[in-house]
Amino acid sequence: RLASIFGLTMVFAVSGWGASSNNPAISLSCSPNPVVEGSSGNTAVVCTVSLSPAPDGKEIELKIQTGDGTATLANSDYQPLSQNLVFAVGSQATLSQNITLNVIGDTAVEPNEYFTVAIVDNGTNASQDFTLPASPTTITINNDDGSEINVVGVADGAVVASFGNTL
């Protein structure tokens, strides 16, 4: 860093100036995954967002957001989430935070489905270097609703059945 006093130019070495060499890596893990859908209400999936090592310059703000896969908002398969998380620095540094995603139960017979949850930079971290996961995390919803088969009789030695649902 340069400073000019009374026409003299002096050079100062400033510790910590510029980008940090301590670039935190951010990870996401969710449990249970896969999750059983359920027939009604919500089933919670808890995701932990972790940071390692702690940021040494400025707090890090991230955005967590869900996205459709074969499970969709239009079909009421899960509740959307778009939430900001802040990782502080110094003595108040938190290295992990939990978020809860909700899978919506139903009685529809359907194949297993999935949706995604991603961590993105919310645009306020210009002076902080960190590494985000390369791709979103996939949450698999296992269908727990079976087909209904009703035996309606026997004709000529063969069982006659009707199917309540088809796959």
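Which residue in S5 is the bridge partner of Ala-25? The partner of Ala-25 in S5 is Ser-52. This is a predicted model, in which local features need pLDDT of at least 70 and side-chain atom pairs count only at pLDDT 80 or more, while totals for chains, interfaces and linings use all residues. Residues are numbered from 1 along each chain as its sequence is written, and side-chain values use heavy atoms, with hydrogens and water left out.

Strands here are DSSP runs (E, at least two residues), numbered from the N terminus, and two of them pair if DSSP finds at least two bridges between them. S3 and strand S5 (residues 42–52) are joined by seven bridges in the antiparallel sense, and they belong to an open sheet of three strands in the order S3-S5-S8, with antiparallel pairing. Strand S3 (25–31) and strand S8 (96–104) stand at the edges with a single partner strand each, so one side of each is left without a neighbour in the sheet.

Elsewhere in the list of pairings, strand S9 (residues 113–121) runs antiparallel to strand S6 (residues 60–68), with seven bridges between them, and Leu-62 has Asp-121 in S9 as its bridge partner. S9 also pairs with strand S10 (residues 137–142) in the antiparallel sense, over five bridges, where the partner of Tyr-114 is Thr-140 in S10.

Rings of Phe, Tyr and Trp (its six-membered ring) pair if their centres lie within 6.5 Å, and planes under 30 degrees apart count as stacked, over 60 as edge-to-face and the rest as tilted. By this rule there is one aromatic pair: Tyr-78 and Phe-115 are stacked, 4.1 Å centre to centre with 5° between the planes. Tyr-78 lies in the loop between S6 and strand S7 (82–87) and Phe-115 in strand S9, so the pair ties together parts that are 37 residues apart in sequence.

Methods. Helices (H or I, at least four residues) and strands (E, at least two) are DSSP runs, numbered from the N terminus.
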